Structures are given as structure tokens and as C-alpha cells.
Amino acid sequence: MTHQEWVAQCIELALDNAKQGQAPFAALVVQDGHLVGTGVNDVKATQDVAGHAEIRALQAAAKHMGTRRLAGCVLYTSCEPCPMCLGAIYWSGITQVYYGLSVAEQAAFDELPAFQYAELCRAAHQRRVQLVQATLDNLDPRSPFNPSRSAGA
């Protein structure tokens, strides 16, 4: 199948998902021309804010392949991924993503992804969500990354 055909399949899945009362998003993970993961947005059904199509497709592919490292796979999606999904794509090792609707085009229906990308371009102190590092007196926050280092050192 061509890249366009895989994206068209995503759009058909997204249409079906919308007909079932869910958000109109779908994604596929393909390795060497073979489908290894399918996902549709199930946020409404599961009340899981991370239930985006790309996340579900990555999870399905990882389960199918027995590894979270999906380097060499291609992700196809009905819409350009939001920042959360893009982060998951980076973690998976996938380096190629093909999509149907861009974030800019999607803004006519849903402004959140465009807003999120704009927020990430702002300095941390200018963002709507404030991230504040807590100072800990007796606990080194690096300790979980080095188990041989004592937690209080």
C-alpha cells in the first residue's frame, strides 16, 4: 500500500469511530508494509485522557512486536499528532509519521492541539500550566535513576 492509502485507511477508521460516538481519530503502525498496530481515540469511552489514537496504535504495535522500541516502523494517522502523541512517538523510536489533517487545519474544529504547540514555544514562566521544581531537603530526586546511590545522599 502507498502512504496515501494507509492515511486513507486511518480516515475511514476515524469516520467509523465518530459514528460510534467517539472522537474522529485513528492511527496505524506499519512495519515493512505489514500492519502491526491499530488505534482509535477512546477518550470518551474510557475517560482516559491519554486514549488518543496514536497512543493506542503504539501500544498495540508494542504488544504485537513484544517491544516498546518501534524503530523502523511508520505511523499513519488521520490528523497530525498532538504534542502528547508526538512525545510518545519519539519514545517509541518511530521516525516517520504520515497524517491527513494538519494541526492548523484541525483548528477549525478543535483548537487545543494548536494551542498546545504554541504553549510549548513560550518560555516556561509564560505558559498556562506552571511547572515548579520542588526543593527537597533530605531526598535527592536523582536517586531513582541510580539505585546504588542512597536516597538521602
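Mentor: Let us begin with tyrosine 76, which is buried because its relative accessible area is 3%; buried means under 20% relative accessible area, exposed over 50%, and partly exposed in between, with a 1.4 Å probe and protein chains only. Please keep in mind that this is a predicted model, in which local features need pLDDT of at least 70 and side-chain atom pairs count only at pLDDT 80 or more, while totals for chains, interfaces and linings use all residues. Residues are numbered from 1 along each chain as its sequence is written, and side-chain values use heavy atoms, with hydrogens and water left out.

Trainee: How many aromatic pairs are there by the ring rule?

Mentor: The count is two. Under that rule, rings of Phe, Tyr and Trp (its six-membered ring) pair if their centres lie within 6.5 Å; planes under 30 degrees apart are stacked, over 60 edge-to-face, and the rest tilted. Helices (H or I, at least four residues) and strands (E, at least two) are DSSP runs numbered from the N terminus.

Trainee: And why is the pair of tyrosine 76 and tyrosine 98 put in its class?

Mentor: Their ring centres are 5.5 Å apart and their planes lie at 20°, so this pair is stacked. Tyrosine 98 belongs to strand E4 (residues 96–101), 22 residues from tyrosine 76.

Trainee: Is tyrosine 98 buried, partly exposed or exposed?

Mentor: Tyrosine 98 is partly exposed, because its relative accessible area is 26%. Tryptophan 6, by contrast, is buried, as is tyrosine 76.

Trainee: Changing topic, which residues have the most contacts inside the largest nonpolar core?

Mentor: They are Val29, Leu58, Leu70, Cys73, Leu75 and Ile94, in a core of 19 residues. A nonpolar core is a set of buried Ala, Val, Leu, Ile, Met, Phe, Trp, Tyr and Cys residues joined through side-chain atoms within 4.5 Å. At least two residues each come from strand E1 (26–31), helix H3 (53–65), strand E3 (73–79) and helix H4 (83–92). The greatest contribution is that of H3, with five residues. Another core, of seven residues, lies apart from this one and includes Val7, Val30, Val74 and Tyr76.

Trainee: What does cysteine 73 touch?

Mentor: Leaving out residues up to four places away in sequence, cysteine 73 touches Val29, Val30, Gln31, Val36, Met65, Ile94 and Gln96. Contact here means heavy atoms within 4.5 Å.

Trainee: Back to H3, then. Which of its residues are buried?

Mentor: The buried residues of H3 are Ala53, Glu54, Ile55, Arg56, Ala57, Leu58, Ala61 and Ala62. Their cover includes E1, strand E2 (34–40), helix H2 (43–46), E3 and H4. After H3 comes glycine 66, with a positive phi near 75°.

Trainee: And glutamine 106, where is that found?

Mentor: Glutamine 106 is in helix H5 (residues 103–106). Its relative accessibility is 4%, so glutamine 106 counts as buried. Beyond its neighbours within four places in sequence, glutamine 106 contacts Phe25, Cys79, Glu80, Leu101 and Pro113.

Trainee: Finally, how many helices and strands does the protein chain have?

Mentor: The protein chain has six helices and four strands, in the order α-β-β-α-α-β-α-β-α-α along the sequence. Of its 153 residues, 33% are buried.
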